Amino acid sequence: MTDMQTQTLFGTDADINILMNKRKRTGMIWQAVFLFSTTLAIIFLLLLLLSVIDSSFGYVALRNEVEPSSLIEGKALIKEFSRTELESTAMDNLSSGILRRVESEKPIAQRSDHDLVSLLEQYVIKPKVLKTWGLWDSLTNTRAVEEYSRTESDSYLTFKSWINAEFFVADQSADPLHAGIRTAFLGSLWIILITFLFSFPIGVGAAIYLQEYAQDNRLNRILQLNIFNLSAVPSIIYGLLGLAVFVRAMQGFTSGSMFSSLSDATANGRTILSGGLTLGLLVLPIIIINTQEALKAVPASLRMSSYGIGATKWQTIWYQVLPASGERILTGTILALSRALGETAPLVVIGASTFISVDPTGVFSKFTTLPIQIYQWSARPQGAYRNLAGAAIIALLILLIIMNSAAIYTRDRLSKKKRLES
Amino acid sequence: MHERSLHPFGKRKRIHERIIETILFLFAMLSILITVSIAFILIKESYLFFSDPDVRLLDFLTGKKWQPMIGLFGFLPLLNATLTTSLIAMVVGIPLGLFVAIYLSEYASDRIRGILKPTLEVLAGIPTIVYGYFALTFMTPLLRSVFGEANVEIYNTASAGLVIGILVLPMIATMAEDAIGAVPQELRLASYALGGTRIETTFEVVIPASLSGLSATFLLALSRAIGETMIVALASGAGPKLTANPFEAAETITGYIVRISGGDVSYNSIDYNSIFALGLILFIITFTLNLTSRKISSLFHQEYD
């Protein structure tokens, strides 16, 4: 072997080296591409969260309709008003209609200072939003913000956190400074409750049939295929189904006019009941699939031992299989419900109310939900509503995080129990 | 399955057991009822739509203008916008999702996978309305600053399409990873033994072997993109328009349905019936895609089981 330049099938050694380096390089380049793609996916998630946070905080340029100094001489801010000054300005400046309504709710003299301040702000001083900035602009571009405030006469700047205590308890308002999500939040909770009550028993029941009873025949294979198909049907189609069936065909039932004493004549079938049932149909296939997975995880030996001591099929399911898979079923259900919580399109299609300031009182009430509220606010061109939408998204995400943590907690408790057993 | 014979008293099966089984069976049958109801209602309302003297099926399928106010019902503009957004979404979502899946299953260490997979789950669990908001407040301004405000309208299909791509990315990544992970390890080892590098093994052995699973994933993602509603409702604009320019506003099928039904439409009007006709088309497209995807992936399961 003296000649190193051996001719092989692939050329000389030098050729092979070049080829090997090329192959190695290709591998490195592709690995970089894969890593880049993965990083990109994470960056998208971060950008998504940052853009929401960005619009939830920031400077607001305001202009008062009535300056506080014109109400009480020498006081530029309403916060500086004394108790008696607050009471007298309220008595003197509120229009008689508002004053009568306010007094009948709670007399001025008994209201707290804070209450009076917000009353005066809302009805007398009436600050108007001129322009809003996101958090990023507020921090990095302060000069432009101040410049704007200087050029607009009588305007002043405040740094506002759009997500605050009032935001959670206030109802929808035409004034972005005082708008909140209480009505939407309660609407979401009501809807989820109906969705759960409808889809949980039926979903788990169907899953038990498919997993424990069903034999491998044509009908059951079709059932299974159909459930997978339903889980991938676009949610807007469920909205059309709900519109035709619950809102229109079953109007008597869903509007409550069948039970006349409870009826809410204005809702005409576009009620919480219709919304909850529609989302119930939407999550039903997901709950069935998740529950089937949970049932599959129960070892066959458990069933066999139960039969062995003489239990019937149903006794085995009720006393052995369901307790053994209960936590998994619950986890799957919570995940399905959190999907329902974020659904918007089907509820818009069945005609959720766009503007209501009355809290839902029962299943026959009109409703709006958090995602619909976000949709409404995002769709408005004025800047301040975008900020409100951002704050509402944070509220929705917090709610989803709580639900998912609950799901993870149940899952972890399950694995801990399993570990103790083994 | 045949527990009856295991029971000493099996012959007289208890009556309430039968009742329970029947009830559970009916619950399962409810899912068939849902599918049938969807089909029945969409077909019934569409029939009313097409029997309207203003609407002709041929004009519906080939007409280039959708203006219900003046009796023009050509659905090509809506279909075109839906296809534009979905196509853009696939161009973004498929390569990125596939690359993430390859990285996760072939390259990442267990520790990194442990961080990445929950991140993808978070991304998948965010409601679509939030993605819509993202399209409107981040993607559109970004596109406008890159390509110039004169070229990019405030509402445009490009922004919606790109964000739908991000929406389907975690779904594609998770399902594609399952498909790739199902390829037997022996195939990879055989490729290494023949001198293949890791990347050659991935592209010439693993990917072809999981091709049916991957195509099933892509079809499902396409179906998801076509049916996506809130992102296009917020970002791609109101008003049907037949345009090939993704920087122009154009309303999609789903966007139209949401806009019309959101405005308290009265029953038995042509508007009310039209959203069901469009719903029927949407249902047929997505149902076919889902069914095909399902068929392909069941074939794929037979390959290695």
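Begin with the crossing of H14(A) and H15(A), which is right-handed in this predicted model. To see it, select residues 300–308 of chain A for helix H14 and residues 313–342 of chain A for helix H15, whose axes lie 10 Å apart and pack at an angle of about 155°. Since angles over 145 degrees count as roughly antiparallel, H14(A) and H15(A) are therefore roughly antiparallel to each other.

Next, show the side chains where these two helices meet: from H14(A), select A:Leu302, A:Arg303, A:Ser306 and A:Tyr307, and from H15(A), select A:Thr316, A:Gln320, A:Val321 and A:Ala324, which they contact. Coloured by class, this contact of H14(A) with H15(A) shows four nonpolar, three polar and one charged residues.

Now widen the view to both chains, where 71 residues of chain A are in contact with 71 residues of chain B. On the side of chain A that touches chain B, select helix H1, residues 13–56 of chain A, which supplies the largest share with 20 residues. Colouring that side of chain A by class gives 48 nonpolar, 18 polar and five charged residues.

Finally, move to chain B and select B:Asn268, which sits in the loop between helix H11 (253–262) and helix H12 (270–304) of that chain. Is B:Asn268 buried or exposed? It counts as exposed, because 11 C-beta neighbours lie inside 10 Å, and the cut-off for an exposed residue is 12 or fewer. To end the tour, draw a C-alpha to C-alpha distance from B:Asn268 to B:Ala173: the two are 95 residues apart in sequence and 44 Å apart in space.

How values were computed. Residues are numbered from 1 along each chain as its sequence is written. Chains are lettered from A and ligands numbered from 1 in the order in which they are written. This is a predicted model: local features need pLDDT of at least 70, side-chain atom pairs count only at pLDDT 80 or more; totals for chains, interfaces and linings use all residues. Axes are lines fitted to C-alpha atoms, for helices over the stretch in contact, and angles run from 0 to 180 degrees between N-to-C directions. Helices (H or I, at least four residues) and strands (E, at least two) are DSSP runs, numbered from the N terminus. Angles under 35 degrees count as roughly parallel, over 145 as roughly antiparallel, 65 to 115 as roughly perpendicular and the rest as oblique. A crossing is left-handed if the near helix is turned anticlockwise from the far one by less than a right angle, and right-handed if clockwise. Two residues are in contact if their C-beta atoms, placed from the backbone, lie within 7 Å. Ala, Val, Leu, Ile, Met, Phe, Trp, Tyr, Cys and Pro count as nonpolar, Asp, Glu, Lys and Arg as charged, and the others, Gly among them, as polar. A residue is buried if 20 or more other C-beta atoms lie within 10 Å of its own, exposed if 12 or fewer, and partly exposed in between; C-beta atoms are placed from the backbone.
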